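Let's take a walk through a protein together.

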Amino acid sequence: MWDVQVASLREDVDSILAPSLPGFGGTPVPATQPTLDDYVDALAKHLDDEGVDRATVVGLSMGGYIALAMWRRHRERISGLLLADTRAEADDEAGRDRRLKLAELVRERGTNALLLQPPKWVRDGSERWDAVEAMVRRQPAEAIAQGSIAIGGRVRSIDLLPTIDVPTSVVVGAEDAITPPAMSETMAGRIRGATLTVIPHAGHLSNLDAPDAFDRAMRDLVRRVAGS
């Protein structure tokens, strides 16, 4: 899902990593249920394996939850943050129940069950839906189930926001129906010096719906990190 951004930023950034979480993108599915912190620690190990001490971390949706958890666990590895179409609140009981039921559904009926009623990941009428659907179909059902459960078990990160002291950008699609712009406005307001970019004509996967605008926000953050 980051192919466009990786290609776009190669002229501006020496090293770009776009790792898959354990179980996704052809990586081995964990034998036991991972927590969000397990995903974070796997990414920290990936930085170690690549010889990277510090990185600007970009996370969208679930990736945003992971980026915040990475700040909590490995903040010394982070030189900048981009939090896109995400939120700092934990799921309430109803939300956790929905995550568990989704995991059960996917385990029972396979990955295609996730697409029976297309989620509101992209804006209505987006030409990107076919590409998103194809990406989803390539992922193992068990990896999706594990990811859903891990998201539901995440901790609240609101109190963490004021501790963020690296250049930070908050980005959200104006038509994001899952984590609406108001959530991003609140999050940006709690992070000292954070910038907020609301991208017109973009839904929850704003980097796919409006890659040019998303890339501009990324480049701006890269410049801020370089100057900090």
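This is a predicted model: local features need pLDDT of at least 70, side-chain atom pairs count only at pLDDT 80 or more; totals for chains, interfaces and linings use all residues.

**A guided tour of the fold**

Of its 228 residues, 48% count as buried.

What about the overall dimensions? Taken along the principal axes, the C-alpha atoms fill a box of roughly 50 × 40 × 35 Å. A compact globule with 228 residues would have a radius of gyration near 17 Å, and the protein agrees with this because its own value is 17 Å.

How many aromatic pairs does the structure have? The count comes to 1. Tryptophan 2 and phenylalanine 214 make up this pair, with 5.8 Å from centre to centre and 50° between the planes, so it counts as tilted, falling between the limits of 30 and 60 degrees. Tryptophan 2 lies in the segment before helix H1 (3-9), while phenylalanine 214 belongs to helix H9 (residues 211-227), so the pair links parts of the chain that are 212 residues apart. Is phenylalanine 214 buried or exposed? Phenylalanine 214 counts as buried because its relative accessibility is 0%.

The charged end of arginine 154 sits over the ring of tyrosine 65, at 3.9 Å from the ring's centre.

Next, compare two stops along the chain. Serine 20 is found in the loop between H1 and helix H2 (36-49), and with a relative accessibility of 36% it counts as partly exposed. Leaving out residues up to four places away in sequence, serine 20 touches Gly25 and Thr27. Serine 20 is 18 residues from tryptophan 2 in sequence, and their C-alpha atoms are 10 Å apart in space. Glutamine 146, in helix H6 (residues 141-152), is buried, with a relative accessible area of 1%. Setting aside neighbours within four places in sequence, glutamine 146 has contacts that include Val29, Pro30, Tyr39 and Arg107.

Finally, turn to the charged side chains, where the structure holds 13 salt bridges. One of them joins aspartate 37 to arginine 72, with the closest N and O atoms 2.9 Å apart. Aspartate 37 lies in helix H2 and arginine 72 in helix H3 (residues 62-74), so this bridge ties together parts that are 35 residues apart in sequence. Arginine 72 is partly exposed, with a relative accessible area of 34%.

A salt bridge also connects aspartate 91 with arginine 99, and here the closest N and O atoms are 2.7 Å apart. Aspartate 91 counts as buried at 6% relative accessibility, whereas arginine 99 counts as partly exposed at 22%.

Within helix H5 (residues 129-137), arginine 137 and glutamate 133 meet in a salt bridge of 2.8 Å, N to O. These two are 4 residues apart, which means that about one helical turn separates them. Some bridges share partners, and in this way Asp37, Asp41, Arg72 and Arg73 are joined into one network.

Key: Residues are numbered from 1 along each chain as its sequence is written. Side-chain values use heavy atoms; hydrogens and water are left out. Rings of Phe, Tyr and Trp (its six-membered ring) pair if their centres lie within 6.5 Å; planes under 30 degrees apart count as stacked, over 60 as edge-to-face and the rest as tilted. Buried means under 20% relative accessible area, exposed over 50%, partly exposed in between (1.4 Å probe, protein chains only). A charge sits over a ring if NZ of Lys or CZ of Arg is within 6 Å of the ring centre and within 35 degrees of the ring normal. The radius of gyration is taken over C-alpha atoms; the globule rule is 2.2 Å times the number of residues to the power 0.38. Contact means heavy atoms within 4.5 Å. A salt bridge is a side-chain nitrogen of Lys or Arg within 4 Å of a carboxyl oxygen of Asp or Glu.
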